[in-house]
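Please read the following briefing alongside the sequence and the coordinates shown here.

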Amino acid sequence: GVRSNEGNSMHFGRVFGGKTLASDLFVHRCVNVLVHAAIVQLVGVIATLLFSPRQQYQKTSSSKSQIQQQKKFEEHSQQLSILTKYLAQLLFAFHPVHVESVANVANRPHLLALLFNATIIDPNVPLVAVAVLATTGLLSSETAIFQYPAIVLTMTAIRYRELRDPNPQQQNGKFESEGLESKQSRPPILEAIMSVLPRFVLLVAISFTYLSLRHYYDTLSIPNGLIRPAENPFYDKLDKGQWTTARRAVNYSYILSLHILKSLGIELIGFSHEYGYDCIPEIRIQNPKLDGRGDGDGGAEVWMMDMRLLLPLSLVIIFLVTTVWCWFGWGLTINPRKYDLKENFQSTKQFEKNAVNCNEARTERLLYLSVFLSWMVTLFPISGILKVGTFVADRIAMASTFGTCIFGGRLLSSFLIGNTGRNDIKISNGDCTTRALAENTSKTKIIKIIPLLYMLQNQFARRTHRRAAEWMDSATLLKSSLKSCPRSIKSIWK
């Protein structure tokens, strides 16, 4: 059955005042639940920092209508930020992929690593605290090192947001009363990078020290004898000459795509405590007759015969389309023919200001895309590049959900009440101007909320509850594993 005391976890006291409080397993799971709840709060904090309310800057001589428009803009931005925070927290709290990490005591290191690393994302955390928390997270779980790119890029995005949209307490005379222009000589993105550079250097130093010590004590790689084909059937096929590099890339692209979907809350192969032998059949690049496994006299390549290859291909296409949109926006361009740049000084200044606005909006979109992708980098251990004992595991996707839930909350909040801001701009007669606030009637909001509630209840809460119930008993847990992996020798043996 499932080991009730997995790993070398400590035995908590079971008796208080002469009464038994709970079993060891129950206490350990309660600790995991508390750690997960703390991460939920951090998700809300980072979502608020990453998508902080925007400010519009008007001259003191602004008209009454402009002041009212500014007030309406700021109220909407505040509502959008608050809704983003709570939706991100709900998505993270109910995410079904977290059940294994919380219910399985042995996976607490993954929770602790994410907890400590998420705490240092705020660029205002003191450097000493960053050093202590980053080291503690790395000592909790070695997978914490793959979260460092996401930490640095998220820090940079938060600082960039602060520089572009400072609140009154942050301005201190550094920013002008309107527009995006700063009195600083460097652009906001460069200023943001220079601001977090000491933290980046610190994390690099910690990583280098950690890897050097692992190498010195010869614990940097996993011995082959500890990797069992029943747990990771793909790990040694290249070494044994059974695979080419291309075949390895194709098969692991599918494995990586499955984890990306897990991070997004989409489960294609079903939940299982043990994904192992024949749980995911190998994707063959060529016809068996061509590579010596068949008894025929030849065959043709069948690259697209396995429909599973459409999954990584689709994700690549989505990434390319998103990148193009982040670069160009909704066809954003500045038409210089509208401005008399040679004779009219005011027209030239307006052209330059609109060009700056559009360029900063593009920078922000690309930066947010980089932040999202950096959280996907936490899936690197199962990309097939490193030799690891893990094949498919929900716990590996745990860290990536930190980013997907934040951006998912932003996407859902924008869907519910509309998005606005200087990064949400359109071309109007050659100008790069702010899009007007979307008016949402009560009827429209209700129509939007119904599918959102259905998704949260059906796709997240219900699946999470069912998966948690399976973890309450060994028989139900192994039964669910056999449904997803009928030929898993570990589940059958147990």
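The accessible surface of the protein, computed by the Shrake-Rupley method with a 1.4 Å probe and, for residues, with only the protein chains shown counting as cover, comes to about 25,600 Å², of which 62% belongs to carbon and sulfur atoms. This is a predicted model, in which local features need pLDDT of at least 70 and side-chain atom pairs count only at pLDDT 80 or more, while totals for chains, interfaces and linings use all residues. Residues are numbered from 1 along each chain as its sequence is written, and side-chain values use heavy atoms, with hydrogens and water left out.

**Overall make-up**

- The protein has 15 helices and 4 strands, these being DSSP runs (H or I of at least four residues for helices, E of at least two for strands) numbered from the N terminus.
- Of its 494 residues, 46% count as buried, where buried means under 20% relative accessible area, exposed over 50% and partly exposed in between, with a 1.4 Å probe and protein chains only.
- Among contacts (heavy atoms within 4.5 Å) with a separation of 6 or more, 75% join residues 24 or more positions apart.

**Nonpolar cores**

- A nonpolar core is taken as a set of buried Ala, Val, Leu, Ile, Met, Phe, Trp, Tyr and Cys residues joined through side-chain atoms within 4.5 Å; the largest has 59 residues, and those with the most contacts inside it are Ile39, Phe92 and Phe402.
- Helix α6 (residues 148-164) supplies the largest share of this core, namely 9 residues.
- Leaving aside neighbours within four places in sequence, Phe92 is in contact with residues including His36, Ile39, Leu114, Met398, Phe402 and Cys405.
- A second, separate core of 18 residues includes Tyr252, Leu261, Tyr275 and Cys279.

**Salt bridges**

- With a salt bridge defined as a side-chain nitrogen of Lys or Arg within 4 Å of a carboxyl oxygen of Asp or Glu, the count comes to 9.
- Glu100 and Arg395 form one of these salt bridges, at 3.0 Å from N to O; Glu100 lies in helix α3 (residues 99-103) and Arg395 in the loop between α11 (345-376) and α12 (400-417), so the pair ties together parts that are 295 residues apart in sequence.
- Within that pair, Glu100 is buried, with a relative accessible area of 2%, whereas Arg395 is partly exposed, at 24%.
- Lys262, which is buried with a relative accessible area of 3%, meets Glu267 in a salt bridge at 2.7 Å, N to O.
- Asp394 also forms a salt bridge with Lys262, the closest N and O atoms being 2.6 Å apart, and this pair links distant parts of the chain, with Asp394 in the loop between α11 and α12 and Lys262 in helix α9 (residues 245-263), 132 residues apart.
- Asp394 is itself buried, with a relative accessible area of 1%.

**Helix α8**

- The 29 residues of helix α8 (residues 188-216) should span 42 Å at 1.5 Å a residue, and the end C-alpha atoms are 42 Å apart, which agrees; the expected span is 1.5 Å times one less than the number of residues.
- A kink of about 45° lies at Leu197 in α8, shortly before the proline Pro198, the bend being the angle between axes fitted to the seven residues ending there and the seven starting there.
- Buried residues of α8 include Pro188, Val196, Leu203, Ile206 and Tyr210.
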